[in-house]
Every structure is written in C-alpha cells, then in structure tokens.
Amino acid sequence: MQACSLSASELACRRGDRVLFRDLGLAMDGGSALHITGSNGIGKSSLMRILAGLLRPYSGSVQRTGTVALLDENPALDPQLPLGKALQFWGRVDRCDDAGEIASVLDMDSLLDVPFRYLSTGQRKRAAFARLVNQGAPIWLLDEPLNGLDAEARKRITALIKLHCSDGGICVIASHQAMDLPDCETLPLEEYAL
Ligand SMILES: Nc1ncnc2c1ncn2[C@@H]1O[C@H](COP(=O)(O)OP(=O)(O)OP(=O)(O)O)[C@@H](O)[C@H]1O
C-alpha cells in the first residue's frame with residue numbers, strides 16, 4: 001500500500017448562499033478511520049467532495065498524500081453493460097489485473113452477466129464498492145457505504161474497511177449508521193455548523 005495521509009485545516013463550506021460549516025480541521029495517517037456524523041443537510045456529502053478535491057472549500061485547505069477513491073451514489077458504472085464488463089472497463093483504467101476477483105468477495109459472481117441497470121439498490125452498492133476496491137487507492141472516502149445493504153453485505157463491507165485500514169489505508173466514512181470499527185474516531189459535523 002502506498003504511504004498516505006489526509007489533513008484539512010480551517011475548512012469552511014458554502015452551498016448556494018449558505019455557509020454550512022466552518023473552522024473544521026482533521027489530520028489522518030495511514031491505518032486510521034474517521035466517522036463523520038450529522039443530521040440531513042448538515043454537509044457530510046459536501047465535506048466528502050471537498051476532501052476528494054471535487055468541490056472547492058469556501059475557505060481553508062486540504063492536503064493529501066496518496067490517491068483518493070470516493071464512493072457515493074454515483075458509481076459511474078455503465079448502466080448498459082453487464083456488471084462484469086462494466087467492472088473490467090474501470091479495471092483497465094485503474095490498471096487492476098483481476099477486476100472480477102472482488103466480485104466473489106462481495107458475493108456477486110452470479111451477477112456478472114446482469115446489466116448494471118437491472119441491479120437492485122443493494123447490488124448496485126456492492127458493485128460500486130467493488131469498483132472502489134479495484135481503484136487501489138490508499139484513501140477511501142465512503143459516503144453512506146452501508147445504505148441499502150442486507151446484514152451479510154454490511155458485514156462483508158465492514159470487513160473490507162477493516163482490512164484496508166490494517167493494510168495502512170485511510171477511511172473516511174460519512175454515515176447515519178453506526179460503524180462496527182475498532183479505533184474509529186467520530187467527527188460530529190454539528191460542532192462546526194453555523
Ligand atoms: N449544488 C448545490 N447548490 C446549492 N446547495 C446545495 C448543493 N448541493 C447541496 N446543497 C445543499 O447543501 C446542504 C448540504 O448537503 P449535503 O448533501 O452535503 O448534506 P448531507 O449532510 O450529506 O445530507 P444527508 O444526510 O441528507 O445525505 C443541503 O442543504 C443541500 O441542499
């Protein structure tokens with residue numbers, strides 16, 4: 001695993017004409033996990049996009065060492081392609097030798113021939129996670145990674161998050177759900193809200 005770190009200082013986020021939060025700082029090294037909590041609309045997804053470099057902060061800055069993979073509600077898997085081919089497409093982009101291997105870990109072998117657009121909510125979430133794993137990035141930004149998943153899938157995804165951290169990766173998780181992760185710190189976004 002590539003060495004990685006993620007830090008942010010004095011972050012503020014503005015959406016439309018509203019400043020959502022300000023003075024937010026964090027510092028993470030490889031092997032650590034952070035759970036971002038807060039009510040609907042507080043700005044969790046916005047913060048994830050700022051950390052990913054997809055949204056400019058209103059003020060403050062983000063420093064990253066290592067590449068970033070973001071899991072959100074837009075997995076960018078081609079809806080027309082069978083899942084296996086859609087994963088292979090991104091596998092080539094991400095230089096992942098065996099893009100289908102993760103499908104077994106996530107119990108998706110029987111779905112590889114099914115067009116992505118036919119997958120259920122939980123199956124899509126697992127597919128998005130498969131793509132994230134194949135990216136091979138040390139910094140994972142996971143926006144509601146457990147939404148829509150059954151108990152078995154929640155267990156498998158939680159195990160993959162633990163493995164990623166024990167391999168030296170970083171996980172930032174924005175979620176309303178409790179996360180069964182040892183040594184995971186919590187960042188309540190309410191404390192920075194305006
Ligand atoms: N492009 C945008 N322009 C203006 N306002 C936006 C934009 N995107 C999001 N917002 C607003 O920013 C606020 C925060 O949204 P965000 O999705 O970050 O919240 P969240 O904490 O992730 O919410 P939830 O728990 O419901 O997923 C919301 O009030 C939302 O309407």
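Helix α1 (residues 44-52) lies across β1, β2 and β4 and runs at about 130 degrees to β1, where helices (H or I, at least four residues) and strands (E, at least two) are DSSP runs numbered from the N terminus, and where axes are lines fitted to C-alpha atoms, for helices over the stretch in contact, with angles running from 0 to 180 degrees between N-to-C directions. The structure is a predicted model, in which local features need pLDDT of at least 70 and side-chain atom pairs count only at pLDDT 80 or more, while totals for chains, interfaces and linings use all residues. Residues are numbered from 1 along each chain as its sequence is written. Within α1, the buried residues are K44, S46, L47, M48, I50 and L51; a residue is taken as buried if 20 or more other C-beta atoms, placed from the backbone, lie within 10 Å of its own, as exposed if 12 or fewer do, and as partly exposed in between. The helix is followed by G53, whose phi is positive, near 85 degrees.

The sheet that α1 lies across is an open one of 3 strands, ordered β2-β1-β4, with antiparallel pairing; two strands are said to pair if DSSP finds at least two bridges between them. Because β2 (18-29) and β4 (59-65) stand at the edges with a single partner strand each, one side of each is left without a neighbour in the sheet. From one strand to the next, the twist averages 15 degrees. Strand β1 (residues 5-15) is joined to β4 in the antiparallel sense over 6 bridges, and A12 stands opposite S59 in β4. Leaving aside neighbours within four places in sequence, V19 is in contact with A12, R14, Y58 and L194, a contact being a pair of residues whose C-beta atoms, placed from the backbone, lie within 7 Å. The C-alpha atoms of V19 and A193 are separated by 8.3 Å, although these residues are 174 residues apart along the chain.

A further set of strands is arranged around β6 (residues 139-143), of which 5 of 5 residues are buried. In a regular strand the side chains alternate between the two faces of the sheet. In β6, I139, L141 and D143 point one way and W140 and L142 the other way, and all are buried. Strand β5 (residues 68-71) pairs with β6 in the parallel sense over 4 bridges, with L142 in β6 as the bridge partner of L71. Strand β7 (residues 170-174) also runs parallel to β6, to which it is joined by 5 bridges, and L141 stands opposite V172 in β7.

The largest nonpolar core has 52 residues, and L141, C171 and V172 touch the most other members; such a core is a set of buried Ala, Val, Leu, Ile, Met, Phe, Trp, Tyr and Cys residues joined through C-beta atoms within 7 Å. Helix α4 (residues 121-135) supplies the largest share of this core, 6 residues, and at least three residues are drawn from each of domain 1 (1-67 + 137-194) and domain 2 (76-136), the domain bounds coming from an automatic or database domain assignment. Not counting residues up to four places away in sequence, L141 touches M48, L51, A52, V68, L70, L71 and V172.

The C-alpha centres of domain 1 and domain 2 lie 23 Å apart, and the contact takes 11 residues from each of the two domains. On the side of domain 1 that touches domain 2, the largest share, 4 residues, comes from helix α5 (residues 151-166).

Two residues other than glycine have positive phi values in loops. R95, with a phi of about 55 degrees, is placed in the loop between α2 (83-93) and α3 (101-105), and R95 counts as exposed because it has 9 C-beta neighbours inside 10 Å. D107, with a phi near 60 degrees, is placed in the loop between α3 and α4, and its 13 C-beta neighbours inside 10 Å make D107 partly exposed.
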